[in-house]
Amino acid sequence: MTRRYGDEIAAHLRTRGVDATVVSVGECDMASLGRVDYLFLGCWTSGMFVVGQHPDGPWMSFVRAMPKIGETAADGTARPSVALFTTYQLRTGSQFPRMRAALRGKTPEPRLEIKSRNGALSDRDRQALDEFVSRRG
């Protein structure tokens with residue numbers, strides 16, 4: 001389901017002229033992360049059904065191994081622009097704060113968080129993605 005959501009995000013971004021590639025955390029070339037303009041990091045929401053939500057194990061291992069990436073331009077814009085996405089069964093709860101905490105010091109602050117219960121991109125997600133890529137300086 002999370003892969004489907006990532007594929008739908010990438011397909012939508014391509015309609016907006018963004019060269020988007022979906023790669024699982026197990027297959028990612030860490031060196032390529034520093035060369036992207038947009039970085040979307042996503043995973044399944046693990047944990048209890050109503051409390052204790054957290055990023056899944058493979059995602060956490062990926063983040064621990066990830067080098068620090070990103071730079072800030074003179075105008076204050078960060079590169080890459082970072083977005084988080086997740087899929088879930090009942091609720092996301094503390095998922096996004098825990099993803100942000102795991103990334104602290106590794107990437108610029110994420111500027112977008114989107115989620116899907118069924119792996120499908122909603123109209124609201126499309127609008128948020130459009131705004132996210134249009135803010136790129």
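**Helices, strands and their contacts**

A: The residue Gly 105 follows α3 and has a positive phi, near 85 degrees. The model is predicted, and local features need pLDDT of at least 70, side-chain atom pairs count only at pLDDT 80 or more, and totals for chains, interfaces and linings use all residues. Residues are numbered from 1 along each chain as its sequence is written, and side-chain values use heavy atoms, with hydrogens and water left out.

Q: How are elements such as α3 assigned, and which residues of helix α3 are buried?
A: Helices (H or I, at least four residues) and strands (E, at least two) are DSSP runs, numbered from the N terminus. Buried means under 20% relative accessible area, exposed over 50%, and partly exposed in between (1.4 Å probe, protein chains only). In helix α3 (residues 95-103), the buried residues are Gln 95, Phe 96, Met 99, Arg 100 and Leu 103. Viewed down the axis of α3, these fall within an arc of 130 degrees, so they line one face of the helix. The arc is that of the directions from the helix axis to the C-beta atoms.

Q: What covers the buried residues of α3?
A: Contact means heavy atoms within 4.5 Å. By that criterion, the cover includes β1 (38-46), β2 (54-55), α2 (57-65), β5 and β6 (112-116).

Q: With which residues is Gln 95 in contact?
A: Gln 95 belongs to helix α3 and counts as buried, at 0% relative accessibility. Neighbours within four places in sequence aside, Gln 95 is in contact with Cys 43, Trp 44, Thr 45, Gln 53, His 54, Pro 55 and Thr 86. A polar contact is a pair of N or O atoms within 3.5 Å; within protein, one must be able to donate a hydrogen and the other to accept it, and residues adjacent in sequence count only if both atoms are side-chain atoms. The side chains of Gln 95 and Thr 86 form such a contact, of 3.2 Å.

Q: Which residues of α2 are buried, and which are exposed?
A: Trp 59, Phe 62 and Val 63 are buried in α2. Their arc around the axis is only 95 degrees, which puts them on the same side of α2. Pro 58, Arg 64 and Ala 65 are exposed on the other side of α2. At the N-terminal end, Asp 56 caps α2, with a side-chain oxygen 3.1 Å from the backbone nitrogen of Trp 59.

Q: At what angle do α2 and α3 pack?
A: Axes are lines fitted to C-alpha atoms, for helices over the stretch in contact, and angles run from 0 to 180 degrees between N-to-C directions. Angles under 35 degrees count as roughly parallel, over 145 as roughly antiparallel, 65 to 115 as roughly perpendicular and the rest as oblique. The angle between α2 and α3 is about 25 degrees, and their axes are 9 Å apart. The two helices α2 and α3 are therefore roughly parallel to each other. Trp 59, Met 60 and Val 63 of α2 make the contact with Met 99, Ala 102 and Leu 103 of α3.

Q: At what angle do α1 and α4 pack?
A: Helix α1 (residues 2-15) packs on helix α4 (residues 123-134) at about 55 degrees, with the axes 10 Å apart. That angle makes α1 oblique to α4. Tyr 5, Ile 9, His 12 and Leu 13 in α1 meet Asp 125, Arg 126, Leu 129, Asp 130 and Val 133 in α4.
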